[in-house]
Amino acid sequence: MRVLLPFWMTRKTEMASVAFALLLAAACSRAPLPDLPTLRLDNFQPTIRAGIESAFQAAKLAPRDSAACGRLGMVLQAHQQWGAAEASYRRAQALDEDNFAWPYYLGVIYAEMGKPAESRQALERALKIDPKHLPARVALASRLLDAGELEAAGRAYQDLLASDGGNATALYGLGRVQAAKGQAEALATLESAVRQAPEFGAAHYALAQALRKAGREAEAATHLKIYEAHKLDAPPLRDERIAEVRALNRGASYFIRQGTGLESQGRLDEAIQAHRAALEADPKSVQAHVNLIQLYSRAGRPAEAEAAYRAAIALSPGSAEAHYNYGVFAFSQRKTAEAAKAFEQAILSNPQHAAAHNNLGFLLESQGRVKDAERHYRLALSNDPGHRMSHFHLGRLLAAQRRWPEAIQELKETVLVDDEKTPGCLYALGSVYARSGDIRTATELFGRARTQAERYKQAPLVASIDRDLAVIARSGARR
Amino acid sequence: MKRGCLVGALLLLCSCATPRPASTPIFEEAAAVSGLTFVHDPQLSGEFHMPEIMGAGVALIDYDNDGDLDVYLIQGKGKSGNRLFRNDLIPSGRLHFTDVTQAAGVGLAAYGMGVATGDYDNDGYTDLYITNFGPNVLFHNNGNGAFTDVTVKAGVGDARWSTSAAFLDYDRDGDLDLFVLNYIDFTVTNNKACFAPSGERDYCTPKAYNPVNATLYRNEGNGRFKDVSAASGITAARGPGLGVTITDANEDGWPDLFVANDTAANLLWINQKDGTFQEQGLASGVAYSEDGLAKAGMGVAAGDYDNDGDEDLFVVNLTREGATLFRRDGPLLFQDASLATGLRPTTFSYTGFGAGWLDYDNDGFLDLFIANGAVTIIEQLRGKPYPFQQANLLLRNEGGKKFSDVSSSAGPALQLEEVSRGAAFGDLDNDGDTDIVVANNNGPIRLLLNQVGNNKPSLLVQGVPLNSRVGLVRKGLPILWRRAQSAYSYLSASDPRVLFASGGVGAEELLVEWPDGYQERFPVKAGVRAVTLKRGAGKGDAGR
């Protein structure tokens, strides 16, 4: 297209104009500095609000300081305020384009926001700054897979494998890509992944799917079993950057999660500390008090357990879990009347509370109130048909009344799974058979119970079984 | 300099802003104009009681057998109760709804959740089963425009928190049995305080409570049902159940049940043909998505999206999980096809509830509609009175290979951002394409009338009982299989009539697999838009 120049524009002025236009274009192409986020913190937990406000003030005082803006993003990210964190990181990034952290964090939060394309772009930018950052490389490959960009995801995983051929995460990712594309190689790749990380649950699951597709059902079943045992286990990927963000969380829920995790590892004192931190963050946290009843009880601190119970029901009188936990604690203190009352309270709040019905049934049985006990065991089972202890207690109770077929039916339900409780359950079932006169089945069950008791190193149980087997043998000889 | 930028931007904008040709929206929202006026009221307590955020459902039911679909809507805690709207299309010829709740006697005021439809007493009139947070209710359709509450006599008043339910003849004895999903053991007294990551009060996830097992009622044939949950084996596994549909996953002709659990493994109950079921979700590949994660399954739908003759399973999940499509590759052999079909990235940002297969454009391939709405505070909506709104999705099936998001071009109805839950599917204006009714939580009902489907011919098949399978034999093309089903989506019941899109093209005959396994062939006359099939009138096979 021919451009008509104004009459006053000579060749020189034309060139000058072009240069000016280029300068203008360059100036225009530079995006304005993103604003700090607008925050609405009215209903936030006070400790969380204080943490965010403090970071926000620091960023406002130094609005051109990349670290301050980025720090605000990190605090916001720690509390999953993705949109506000995004604004902060974008500003930090605009102020310091060479800092790996900001595009990396942006990549992470865009994924959480369901923006795979933006996540990919940010992670690629981060990797230009630090091409070797493993968590970023893994995240990028994963984002590509999430976005359905199978070719690009495959290349990203291949790149990871080029630098570390035994990287189970990369092998698993590549296997998923191949499986999604319907490629037979998926099988071998996923087999390599589980060879590298034998307890990588998700990889076993993916491998099982590939095996089923290949018609190898039996092998698939084996891998599904491993998956069931290691569902959430994955090769560790240490990410200092994300750890730094998580450490900024000041919410009660975060501390409770942390405490629950510590408790499951048997680290009771630390679990108590975490729950105390939760209460500092939110003194009205019923859940923290409820968990503390159990924690103090397990730690042998009865006065504090009682105090935690009182605090929990003062805040939430209908908390079934508070009453239930207190019932368990009271029972451990041999305060059976208090325990029964607490379980009754739990049932009042939640009539479907199977464990409370079961425990109340047990207490009533010990008081000789057999009919009431049976009713509660049955209520427990109607609310949770798989409640093993209720099957066990009901079976016992029925056996005591010589209601053999019913007792056997209940006890059979207790031996469907294989764990450390199974030998005892098999032994109980065998005993009922023996008392009902079916010695052959009893002997067979005792044998199975003994084998399993040995496997679980339960010496006293083995000794009991041996005694019973000897009695059976003697009576058999007499006959 | 700023001015320069502005001029540049304007020029750029002009060059890009070529006017798009005006086109017909795919769906037009027509609830209010057609008299379907209803607002769901969860009666928010301020205490974040979980049932507030979970309801409610909708049923499309021709309760008066006049040939058009009426609408039954489930209310929350409000005193106004559930409503029945009669469709006056027949005989008036105009789509208009009249509230007949009072005359019909179905204005139940409970804490409503969902609804299932089926003619449990084989009297020719469709009955209603209502699930509640509290005792459920069975309404018998008297056939004279009124219903009777027969819950006590029938013995189906499960008092737990029930969600979706399905009628099916699992024992093939000729009458419909009833499967009811229960969710969790939440009670108002035991309401737990849960919090958003910001520390604000928010709704709990189901993990804060214990899951409750489902109930299976066997129809005894005398107006009574018997709870056979334990005897049938369906109490062997449980989860917080939200969605259920009927399918035949092992291809033996007997109905199986697929259950979506919220934050727990999905369950696939395989009918053992002896009154019992065995759970085979894990072994068949539908318990988890391909990454081995248990997701927050809500609505479900079974349908043959790739026209290969078997039913694939679709589940919608929580935001940042993406929906899951389990493609069936053989008996009890499913593969997660969410990535390969592009469904995962498209649905990643949404919390899906109602979901259904429908061929909105009548091209012979089943498309997807998903009703969305969050369950926990959406950060960007903080400060709004009910910060859970999301837009719904319409996904076009591209030849059985991929799905593309056509929501943005589907018309204003698909741009609404609401808290959608139930969705029911059926041809409400009898124009030969599928319409949708969307039940919003704490919001108005929406009627999405399909504006494009009837550009192509279709064939409506009536007279086949629930869960029959119907195949359309087409010249030179694979048989198109569809199921007469009402139980799918979330808390809702859809029109069980089978609508074959592209039905008129090359149609030769219909194959029917009746629920008892009997197979029959019926000829199809060219140009016919609707047929009513009668058992025995076709050419029979022994069947399965």
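This is a predicted model: local features need pLDDT of at least 70, side-chain atom pairs count only at pLDDT 80 or more; totals for chains, interfaces and linings use all residues.
Me: What makes B:Cys194 and B:Cys204 a disulfide?

Reply: The sulfur atoms of B:Cys194 and B:Cys204 are 2.0 Å apart, and since the term asks for a pair of cysteine sulfur atoms within 2.5 Å, the two residues are counted as a disulfide. By this rule the count over all chains comes to one disulfide.

Me: Which parts of chain B does the pair of B:Cys194 and B:Cys204 tie together?

Reply: B:Cys194 belongs to strand β12 (residues 194-195) of chain B, whereas B:Cys204 sits in the loop between β13 (201-202) and β14 (215-219) of that chain, so the parts tied together are ten residues apart in sequence.

Me: Why is the disulfide of B:Cys194 and B:Cys204 called right-handed?

Reply: The torsion about its S-S bond is about 90 degrees, and therefore the disulfide of B:Cys194 and B:Cys204 is right-handed.

Me: Why are A:Cys69 and A:Cys425 called buried?

Reply: The word applies under 20% relative accessible area; A:Cys69 has a value of 0% and is therefore buried, and A:Cys425, with a value of 7%, is buried because that figure also falls under the cut-off.

Me: How do you know that B:Ser486 is buried, and what does the residue touch?

Reply: B:Ser486 has a relative accessible area of 4%, and because buried means under 20%, the term applies to this residue. B:Ser486 is found in the loop between β35 (477-483) and β36 (498-501) of chain B, and, leaving aside residues up to four places away in sequence, it touches B:Thr117, B:Leu466, B:Ser492, B:Ala493, B:Ser494 and B:Pro496. With one of these, B:Thr117, the side chain of B:Ser486 makes a polar contact through the side chain of that residue, at 3.5 Å.

Me: How do you know that β1(B) pairs with strand β32 of chain B?

Reply: Pairing requires at least two bridges between the strands, and three bridges join β1(B) to strand β32 (residues 446-450) of chain B, the two running antiparallel. Across from B:Phe27 stands B:Asn450 in β32(B).

Me: What makes β1 and β30 of chain B edge strands?

Reply: The open sheet consists of four strands in the order β1-β32-β31-β30 (chain B), with antiparallel pairing. In this sheet β1 (27-29) and β30 (420-426) of chain B each pair on one side only, and they are accordingly the edge strands. Neighbouring strands of the sheet are turned by 25 degrees against each other on average, direction ignored.

How values were computed: Residues are numbered from 1 along each chain as its sequence is written. Chains are lettered from A and ligands numbered from 1 in the order in which they are written. Side-chain values use heavy atoms; hydrogens and water are left out. Buried means under 20% relative accessible area, exposed over 50%, partly exposed in between (1.4 Å probe, protein chains only). Axes are lines fitted to C-alpha atoms, for helices over the stretch in contact, and angles run from 0 to 180 degrees between N-to-C directions. A polar contact is a pair of N or O atoms within 3.5 Å; within protein, one must be able to donate a hydrogen and the other to accept it, and residues adjacent in sequence count only if both atoms are side-chain atoms. Contact means heavy atoms within 4.5 Å.
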